[in-house]
Amino acid sequence: MEVVVARQPKAKKQINLFYCSECEELALKVAASSDAIHLQSINWRSFDDGFPNLFINNAHDIRGQHVAFLASFSSPSVIFEQISVIFALPKLFIASFTLVLPFFPTGSFERVEEEGDVATAFTLARILSMIPKSRGGPTSVVIYDIHALQERFYFGDDVLPCFETGIPLLLQRLRQLPDADNITIAFPDDGAWKRFHKLLLNFPMVVCAKVREGDKRIVRIKEGNPEGRHVVIVDDLVQSGGTLRECQKVLAAHGAAKVSAYVTHAVFPKQSYERFTHTNSAGSADKFAYFWITDSCPQTVKAINQQPPFEVLSLAGSIADALQI
């Protein structure tokens, strides 16, 4: 008689999660989404001259345990203090170390178009590639929707880049819409199409492109038909939002019933998100029905404060899952 032995579910790794000050709210959500994640703290202080005076609490207690750090490189001024902690944690005799950097901020500066250009995406990747090994081996680096997939080759062999995406959060939200069966996905350019179209094959698609007319670059529809559809523009990040605005206008002019947008990283320098709030829209034809963002840029999320049309799709559950890889 054959005896069938039931396979026991794999035990979850218990993770000690440290975080930077900006990411406190996101860290709390990550911990709330999994009983295997335990928050730890760092004293983020400065000396009188402005340089960091840092202290990792419970440093002795995390020996032999799995450790992660949730980072936000929102500006050059906060990177050094976080790099200091990131380089210190693996040396505390921990079992493994994972860096979660939801937004890789220099990702869009990956090209050298003329001699003298500095590809700072490569610079930051090289810095992160120098993170010391823990007792468990190389550091895992979790990044969401990096601007160009080829940037994985910017990282050295001493770290393990793990590239995740926020698209599943968008798909879940789209299924909840009353017009879920009338969605068309639009891409603002060929780059966005190459980056995301394989994750969105179940939807009709529109691809836009910028064409030069005289001294101006005009957004045109390259392929697809938005007429009568709720069109959702998908891209990895937004800065000033000018391209998204132009895409919205051309889609509406071609008969789109509604236009919404999704970006994983809402950078929005100089409060440029204000041009999208309903109170600042010129008219109903210029409004986005929804503008979905994630909490990869915590300062932006705090500033927007859920003003319509913005909705935040939190990466917390996805980060908790990534920490179990």
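Me: What covers the buried residues of α2?
Reply: The cover includes β3 (42-46), β4 (52-56), β5 (66-70), β6 (96-100) and α3 (120-128). Contact here means heavy atoms within 4.5 Å. Keep in mind that this is a predicted model, where local features need pLDDT of at least 70, side-chain atom pairs count only at pLDDT 80 or more, and totals for chains, interfaces and linings use all residues. Residues are numbered from 1 along each chain as its sequence is written, and side-chain values use heavy atoms, with hydrogens and water left out.

Me: Which residues of α2 are called buried?
Reply: Val-78, Gln-82, Ile-83, Val-85 and Ile-86. Buried means under 20% relative accessible area (1.4 Å probe, protein chains only), so these five residues of α2 fall under that cut-off.

Me: Why does the span of α2 agree with a helix?
Reply: Helices are DSSP runs of H or I with at least four residues, and strands are E runs of at least two, numbered from the N terminus. The expected span is 1.5 Å times one less than the number of residues. The 13 residues of α2 (76-88) should therefore span 18 Å, and the end C-alpha atoms are 19 Å apart, which agrees.

Me: What makes β5 and β6 a pair?
Reply: Pairing takes at least two DSSP bridges, and β5 and β6 have five, in the parallel sense. For one of them, Phe-69 has Leu-99 in β6 as its bridge partner.

Me: Why are β2 and β8 edge strands?
Reply: The open, parallel sheet of six strands runs β2-β1-β5-β6-β7-β8. β2 (37-39) and β8 (159-164) each have a single partner strand, so one side of each lacks a neighbour in the sheet.

Key. Buried < 20%, exposed > 50% of the residue type's maximum accessible area, 1.4 Å probe, protein only.
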